[in-house]
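Welcome! Take a moment to look over the structure below, and then let us walk through it together.

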Amino acid sequence: MGNLQVKVQSKKYDVVIVGSGAGGGMAAYILANAGLKVCLLEAGPMYDPAKNVMQLKWPWESPRRGASTPFRPFGDFDACYGGWEIEGEPYTQKNGTRFDWWRARMLGGRTNHWGRISLRFGPDDFKRKDIDGLSDNWPISYDDIKPFYDRLDKLVGVFGSKENLPNEPDGVFLPPPKPRLHELFIKKSAQQAGVTVIPSRLSILTQKINDERGVCFYCNQCARGCTVYADFSSSSCLVNPAVKTGNVDVIPNAMAREVITSSSDGRATAVSYVNKDDMQEYQVNGRVIMLAASACESARLLLNSKSPRHPNGLANSSNVVGKYLHDSTGAAMGGILPQLYGRKRYNEDGVGGMHIYSPWWLDNKKLDFPRGYHIEYWGGMGMSSYGFGWGIEGSNGKHPVNGKQKEAGGYGKSLKEDYRYFYGAGVGMAGRGEAIAREDNYCEIDPAVVDRYGIPVLRFHYKWSEHEIKQAKHMKETFKEIMHGMGAIITWGDDNASNDYGLEAPGRIIHEAGTVRMGNDPKRSALNKYNQAHDCKNLFVVDGGPFVSQADKNITWTIMALSMRASEYVVDELKKQNL
Amino acid sequence: MDRRKSIKALAVGTISAGVLLDACKSPDKKAEDPKQAAPAQTGIDRHPEEAAHDKALMDRKFFTDHEMATIAILCDIIIPKDDVSGSATDAKVPDFIEFIVKDMPQHQTPMRGGLRWLDVQCMKRFGKSFSDCDSKEQLQVVDDIAYPAKAKPEMQQGVAFFSLMRNLTASGFYTSKIGLEDIGYKGNRPNQWKGVPDDVLKQYNLSYTERELKECI
């Protein structure tokens, strides 16, 4: 390899940000617009959905018709590059437990293919310990973050409806789309079962909000990336405008290795990284360092940034970095709505997600598990992809087709009639719930394994508890009631205790958080209430790491609101010369 | 970006402008011509590693000519031409199956072994391979493996193979232009979602609430 030396960037930045997803993108946006010079490191390549086009492609344009690949586990047309297994970047498990770890590697990260479900945390979500005695309270309240949610709603755009629910704060909403046909059936049945159903709250533009972004044209392909930027992705909506200010240098294909700190006072001074294109070592200096590499990746960076002043890793005198890891719970059920057999065809695409959903509607004091979940719904006449009609032998013998009782399986003209008959009659639902953050669910540095860059990798230790399993049981009971209430036939997901009610393996919901948690007590938390490291004043973490708990909501909206808040705090503190 | 500009931005490099404008003009009418004009630029977004991965798969050959011939016959038995749409071979399903077993190695042995099982079955009954049998002979064997619920125990391996063939044929057919048109999918184009059409609401005795009518887009 010859003389390997660290090339130090000559340009000095006000802030170096690691990661261009929701948190990093927002930080870049706020800081750049405040006139600060920002260096944004991104482990993956540049990406622009208007140039890297998947939207409005037909199934036959993929040789595998949209099936998943190791590069795109969510499907060949999915915008997100990366996934569970990245060549040369292993992670390990401890004591036979299992945590599946998703890594996106591209500008904008996971925000390029996420569900756009943009839910505010409610007042209760910051004070769970007060309510059920489990885990810890956040060091902030809803009132602290509300102004930032309001600004975020207006900046990025989110549709929804005012509902005045106590723990589902209303936002500044664009109009929502009308429910689809299967959603009308679900709504009727769910409401009869006492389950709340309201319009979903997705960051998709049903109305124009600025000149830079187009309006949704209802192709149901947000996950493919929107060529007109009608849905929220950090790349399109935050990084691009930030770069336009002239204050941001984006360095793609940059794998951060560690945060360099000063031996004299322990301050963070730089980020060292590998340039994946030339495989050389680089270093970029900043007055402030902000980590937004995703919860576990940021924890990994901190733990790998050991020095005499930070012997336990950076920002880790509390020893909590990597711990209190939590992911959403997830369990699902699906089937068929017989009333939709042979249904009339029309364009039913809608937005890239559900038009209705169910926020948590019960009082946990009356239940045998402590925290709630929301329900997501799907169904309808979608575009075909690999796997279309798979297993028809399981249904075409059970249900008469156009009045004819048939033998299961078969072939020929009769079979073609069956595919037509059943098309668009599928329906399904999934719960996404709050798990309890526990110290013994964690990631740590594996003492023996490095990745291809020589960076020590993470080792995971994670187990669901009885709380989560009972919550999944409740999900299945609820789903069965909704399915039966609308006359649906359940074809999968009717699980029982033998497989923990279909509770997904930890990490599979890809909402992992908590590994660099915030708190008022430096002995029990890594960050203060401004996402600032207790041990290192000019170091911040603005991804899912700081989350003390994650609520029965997805965390992206809160990541961005907190990042906005922390970034403005940085601007302010720099002005006051406190950093 | 206003709607017109954003549609124009879309037209560059994706689908032909003519189809786009038609789609905008009549979003509620039946799709006038679901047959897409060939896209200005085919190919989906590929990173260099993906493109190399796919090229390596395309460069390989897995099935023999005899296996491909058998697959073609089976595909067309499973999905023949009817008065709605063409056959599986019209939709180039054998080529799809050829690629997919290279892409998904877990299908290789079940397919190769199943094809062989089928030939051996035909050898036993008729003294020739499946592709050399006449249509009547072929269907006699197919009838014994196409119906999982009533197949004889000794035919179960054939049943498993035929079910896999059926599933792969359907995947390949209904993701082709011909198949997508057959199934009647009307989306994948710029659209204005105005809710469920009135006649469909009426058919199911459903309606939107006053609030939905007022507040939804």
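This is a predicted model: local features need pLDDT of at least 70, side-chain atom pairs count only at pLDDT 80 or more; totals for chains, interfaces and linings use all residues.

Residues are numbered from 1 along each chain as its sequence is written, while chains are lettered from A and ligands numbered from 1 in the order in which they are written.

Start with chain A, where three strands make an open sheet of mixed pairing, in the order E5-E17-E16. Helices (H or I, at least four residues) and strands (E, at least two) are DSSP runs, numbered from the N terminus, and two strands pair if DSSP finds at least two bridges between them. At the edges, each pairing on one side only, are E5 (92–93) and E16 (442–450) of chain A. E16(A) runs antiparallel to E17 (residues 456–461) of chain A, and five bridges join the two. Cys443(A), for example, has Phe460(A) in E17(A) as its bridge partner.

Now turn to where the chains meet. Chain A brings 70 residues to the contact and chain B brings 64; residues are in contact if their C-beta atoms, placed from the backbone, lie within 7 Å. Several helices of chain B give two or more residues to its side, including H1 (3–11), H3 (48–59) and H8 (156–174). H8(B) gives the most, with six residues.

Finally, look at H3(B). Zero of its twelve residues are buried (20 or more other C-beta atoms within 10 Å of a residue's own, C-beta atoms being placed from the backbone), so H3(B) lies largely in the open.

Technical notes:
Two residues are in contact if their C-beta atoms, placed from the backbone, lie within 7 Å.
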